[in-house]
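Thanks for coming. Please have the structure open while I talk.

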Amino acid sequence: MGSCSMWAWPELLVLLSSVWLGVGSAQPTLPGPTHSPGPQLKFRLAGYPRKHNEGRVEVFYNDEWGTICDDDFTLANAHVLCRHLGFVAATGWAHSAKYGKGIGRIWLDNVNCAGGEKSIRDCKHRGWGNSDCSHEEDAGVICKDERIAGFKDSNIIETEQSHVEEVRLRPVVSGARKQLPVTEGIVEVRYKDGWAQICDEGWDSQNSRVVCGMMGFPAEKKVNRNFYKLASKSQPKQKRREDVGSKKRLFTERQQLNYRLHSVSCTGTEVHLSMCAFEFYRGNASATCGAGMPAVVSCVPGPLFATGNAHKKKQRHQQQGQPRIRLKGGAKVGEGRVEVLKSNEWGTICDDRWNLLSASVVCRELGFGSAKEALTGARMGQGTGPVHMNEVQCLGTEKSLWSCPFKNITQEDCKHTEDAAVRCNVPYMGYENLIRLSGGRSRFEGRVEVAVGAGDGHQPRWGLVCGEGWGTLEAMVACRQLGLGFANHGLQETWYWDASNVTEMVLSGVKCAGHEMSLSHCQHHGTSLNCRNTGTRFAAGVICSETASDLLLHAPLVQETAYIEDRPLHMLYCAAEENCLSSSARLANWPYGHRRLLRFSSQIHNNGRADFRPKAGRHSWVWHECHRCVRRGRHYHSMDIFTHYDILTPNGTKVAEGHKASFCLEDTECEEDVAKRYECANFGEQGITVGCWDLYRHDIDCQWIDITDVKPGNYILQVVINPNFEVAESDFTNNAMKCNCKYDGHRIWVHSCHIGDALSEEASKRFEQYPGQLNNQIS
């Protein structure tokens, strides 16, 4: 019963990630110093206000964190320290405790580096701990925001670390040990090779709030302390069974208590127990808790993780109405760019003074725990629309981010390159134990294998997923469940990854929306397997990636450039070949007559964190001679369908449509300091670079909708990018753009263009129920 296998009850672990890493981890390919290495050094950035690549430098030496004095500090010193922290170089340094005063020892003073040293040990200094400085002279660094290749990004803003790093909740009620998430149990901290308890004398709800936040839960609730007292005392087994009776059955093995902490005192706003005040027991402290007992915590799960119908109903009742905050662009549940709703329009938050206190308010408001990371510099991709908030300064106790002090900003204050993001603590669900990859060249790719039949003491049976219907959305869920980020490709055949002895198909008909946490949450055939090709070569596979592209259409340009052209049929032969005209064009009296075309320009931006590349390789691109286009000329098509252009009635019925193959994908223009990488000419590489956009001008063939057969009236113009999800993106909800338009049979007025998810639910409903224009005066 006490087994810790992943099929019994998994122990709930929370690792406190930190900003530091060991000396060798920043440059794993370089040999260490030739002299005796001495105690291990670790480094981290701390202080505020700051961004992820800057801060007060703190060094862990001789089992204690300390700072570096700014006396004689130079940019060369900063270069060495930034490399320790995993950045390629430094761009500057700061003196006089710019990022706040540290605490503890000042380990180094009068540091003098040449800049090329592999370690700060190799630089000249006064000796470890020999300093005549105060913490008002703590040095800081500003590192270039570029990681050393192979360096794992673990830079966490504001997290201070003590000797308490791992914390778990150990359930003692038999039913709870098999259920996930674990919401109630004894709080334990990692100690040596085992786990130790915390004495609950003086323990209060603020301490419980901190622990629940670490475990991924937004709130705590009162726990029956007397009930757990029965479990913690060394009574005979039979006696304890009688005391508990049939109410709940406890695990009755004798528990040898080993107290590690006491006198814990949290304010409730800390993101980790190590940031609270507490004291360690010294030596053998198995019986030093006096009248107390092990600290026990009970947590309230958020809506995504609530179990039981009554609990879910209560959560839904509490969440009536549209939320005013959301996360976008994250690969995992509980992470993403923070967006807030103001005046019926979604916008972002500027990262000035963004820290863990504010990030934790966001996380708890969304039903997660406290924040693991407060990310700056658009680390989760750039948003669109307005930047609604700047210099948010939460205390950490607020129920909503809108209750925190903040500044309204002007356009000059912040750009979307400064969008704030978060990574929240989420409950451990064990989903990653039910899926694995086999046969790939790296851990990010392979044939998908899933476990079925686990639970109730049964060993799981591993099997394959049928490749029929398997696509990008299904692959996105698989990669999320694996903890490997986004999907690059979803593969329906995997004969080249035939390296496993697992050959049985156990799952078919998988159809996902793309947001699920596990493949088991998607639609599928269940136990009624239905797969035409059950051979292993037709098993589903994935290629995962830590980053993904994110395409958005520039809505104002569509509105500004829309117009009608009556184009003679003798100029449309090539367009007819490309299927760019409505079906009635085949019955026209060619080459006489004309077609009425709604023309407009499309400017498609890549705001993601990876280049947008066509799924098809060069060998399958299709050569097109036809297009009469000054800019692009004859070229290859790299995608079958890149966009859908539609005219819809207010109730959603299509009255005109024009799917458009990707003429070619290239960088027309880019943001400042971003270089173009893709060009159609001369069979060049195709794609859209991060920070660049591809412009399809209104005067290009097929950059239109054939409205010859459309009657006068009020309509919706809709443009959808990447409509078949051929290429993975971090966010598909922003791929559609809609406009209101009035057509009087001669002219057309296009207005109110916006990205599909840019407005509130109320504003979107008003848009779709728009009664129409009586004239051409657009208010």
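Start with Cys350 and Cys414, which form a disulfide with their sulfur atoms 1.7 Å apart. Keep in mind throughout that this is a predicted model. For anyone new to the term, a disulfide is a covalent bond between the sulfur atoms of two cysteines. The link of Cys350 and Cys414 is left-handed, with -60° about the S-S bond. Cys350 sits in the loop between strand E17 (345-349) and helix H7 (356-365), and Cys414 in the loop between strand E19 (387-389) and strand E20 (421-424), so the pair ties together parts that are 64 residues apart in sequence. Cys350 has 1% relative accessibility and therefore counts as buried. Cys414, at 5%, counts as buried too.

How many disulfides are there? The count comes to 15. I will show two others.

One of them joins Cys394 to Cys404, with 2.1 Å from S to S. This link is right-handed, with 105° about the S-S bond. Cys394 and Cys404 both lie in the loop between E19 and E20, 10 residues apart. Cys394 is buried, as is Cys404.

The other joins Cys580 to Cys702, S to S 1.8 Å. The torsion about its S-S bond is about 95°, so this disulfide is right-handed. Cys580 is in the loop between helix H10 (573-577) and strand E29 (594-599), while Cys702 is in the loop between strand E36 (692-696) and strand E37 (704-706); the two are 122 residues apart. Both cysteines of this pair are buried.

Now a cysteine without a partner. Cys741 is in no disulfide, and the nearest cysteine sulfur, that of Cys739, is 7.5 Å away. Cys741 has 2% relative accessibility, which means that Cys741 counts as buried.

Glu474 lies in helix H8, residues 472-482.

On to the nonpolar cores. The largest has 35 residues, and Phe600, Phe642, Leu717 and Met737 touch the most other members. Several elements each supply at least two residues of this core, including helix H9 (555-561), strand E38 (713-721), strand E39 (736-743) and strand E40 (748-755). If you select Phe600 and ignore residues up to four places away in sequence, you will find that Phe600 touches Val558, Tyr645, Leu717 and Val719, among others. Apart from this core lies another, of 29 residues, among them Trp470, Ala478, Cys479 and Val542.

Last, helix H11, residues 761-768. Which residues of H11 are buried? They include Ala763, Ser764 and Phe767. These three cover an arc of only 100° around the axis, which puts them on the same side of H11. As background, an α-helix has 3.6 residues a turn, so residues three or four places apart point the same way. The face of H11 turned away from the buried side carries the exposed residues Glu761, Glu762 and Lys765.

Terms used
Residues numbered from 1 in each chain as written. Predicted model: local features only at pLDDT ≥ 70, side-chain atom pairs only at ≥ 80, totals over all residues. Heavy atoms only, no water. Disulfide = S-S within 2.5 Å. Helix = DSSP H or I, 4+ residues; strand = E, 2+ residues; numbered from the N terminus. Buried < 20%, exposed > 50% of the residue type's maximum accessible area, 1.4 Å probe, protein only. Core = buried A, V, L, I, M, F, W, Y, C linked by side-chain atoms within 4.5 Å. Contact = heavy atoms within 4.5 Å. Arc of directions from axis to C-beta.
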